[in-house]
Amino acid sequence: MSFDHEQIAGLIRKLASADQLLAKTYIDGTLHADDENRAAIDSLKKSGLLRTADTGDEYRLTGDLKRLIDRLLLRNQRYQQNLNMAKMILNVEEDIEDYRRALEQNKRDEAQYHLEQIDDTLYEAIEALENSLGVMFAVITSQFGFVSSLNGKIRQNQRALAYAQQLVQELNHVRIDGCYDWLSSWSAIPPELSRKIIRFIDQYKSVVERLTGIVGRMKELLFKLRLQEQTANRCRAMAQFLRNHPEWEPLDWSAEADVPKLLQRGPGLSLRPGINAGNPLLQADLAAIVHELRRQAKPVAPLTRDSATSPLDTKAPEQIPYGQDLYESHIENLFALALERQGRKVSALHYWRDQDLEVKAELWLDMVFAQYCCLPGRIRRAIALDMQGKNLQGFNGNQIIEEIQLQRVA
């Protein structure tokens, strides 16, 4: 089916004559038909610019026109698009064969038609990929800001990651060697065709590189969102527990009498001004000073300070004694003992009893576990912890730790 200039110009004139009507339909989503706009709506529907909505008196923009406006306004774009790269490659190969056959038969118009088909197919494929990656990168950069909850962000990230993996599978259908075969399939290939193919290859390589970076960023963001979700879940669970148990108070080890001095909490700082303005003996003098300062027309110049340089202190600095944490050293010795006894378990309580440590056993076990969590990853993976204790009813895992067994596993 061929179109002449008058048909295309008529369609453009119809768009221009109904600009306010189409703009209202795009912004509001639907257009209600009445006696005044019935004729214009029927004309636009006949031209394929409007379609009926759920009810008979409402109309919407057709999908092609809405996507065109979305693309021009860069709004409401979806990164999930149906791409069939295998079918695209097959169509390009058929068009290239038809283009070569038309050139051999000296059919210039037919050859030009097939060349335009090749250009449109390659351009639309790359443009769809570019739009998908661009919108996907925007939603990742904003950390899926169009949804507010962490669960929603995780679902959107998982959905985008699944689409990106599907896109990788589609891109695997494009073989660069096969694209270069299009150039070497005939000896005298026209330069206009070679330029289009080479441009497609370059853009394809850029898309693959960008997609690799986007997938990496999505995986990192998904990991961060899951960590944030775990933190939020713990905070919600703790808040729920505090609402149900207002009488609960956390244990304060610093209040115990036999806690080492290092772990004891010092007295709080009492902040107060140098002059107590609340002292009645000083209020009269302070008021007189304030009134005198207010009556001065010219502020008193500050006193000149003695700017004489003081001699440098050339004495050798004294050595500050190294303050070693005794219990941190014991914990390090415990970890070293577990690494030395490969395959055999080491009891934290036995070590505490053998060394006759002054702290309580519960506090010692808490310090061992806390220090274990601070170890580097390679050391933590080499030592396995078996925490033994009583299980509280209604909870999973040890709630009261009574023993910790350490064992080297690597």
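Predicted model: local features only at pLDDT ≥ 70, side-chain atom pairs only at ≥ 80, totals over all residues.
Analyst: Axes are lines fitted to C-alpha atoms, for helices over the stretch in contact, and angles run from 0 to 180 degrees between N-to-C directions. Helices (H or I, at least four residues) and strands (E, at least two) are DSSP runs, numbered from the N terminus.

User: Which residues make the contact?

Analyst: Contact means heavy atoms within 4.5 Å. On α5 they include Met88, Val92 and Tyr99. On α6 they include Leu115, Ile118 and Leu122.

User: And by class, what does the contact of α5 with α6 have?

Analyst: It has 13 nonpolar, three polar and four charged residues. Ala, Val, Leu, Ile, Met, Phe, Trp, Tyr, Cys and Pro count as nonpolar, Asp, Glu, Lys and Arg as charged, and the others, Gly among them, as polar.

User: What about the loop between α5 and α6?

Analyst: Asn106 sits there. Its phi is near 60°, a positive value in a residue other than glycine. Most residues other than glycine have a negative phi.

User: Is Asn106 buried or exposed, and why?

Analyst: Asn106 counts as exposed because its relative accessibility is 55%. Exposed means over 50% relative accessible area, buried under 20%, partly exposed in between (1.4 Å probe, protein chains only).

User: New topic. What order do the strands of the open sheet take?

Analyst: The order is β4-β6-β5, with antiparallel pairing. Two strands pair if DSSP finds at least two bridges between them. The edge strands are β4 (346-347) and β5 (383-390), each pairing on one side only.

User: How many bridges join β5 to β6?

Analyst: Eight, with β6 spanning residues 400-408. In β6, Ile401 is the bridge partner of Gly389.

User: Which helix lies across β4, β5 and β6?

Analyst: Helix α11 (residues 326-340), running at about 50° to β6. Helix α13 (residues 361-373) also packs on the sheet, touching β5 and β6.

User: What is in the loop between α12 and α13?

Analyst: Asp356. Its phi is near 55°, again positive in a residue other than glycine. At 63% relative accessibility, Asp356 counts as exposed.

User: Which ground rules apply here?

Analyst: Residues are numbered from 1 along each chain as its sequence is written, and side-chain values use heavy atoms, leaving out hydrogens and water. Local features need pLDDT of at least 70 and side-chain atom pairs count only at pLDDT 80 or more, while totals for chains, interfaces and linings use all residues.
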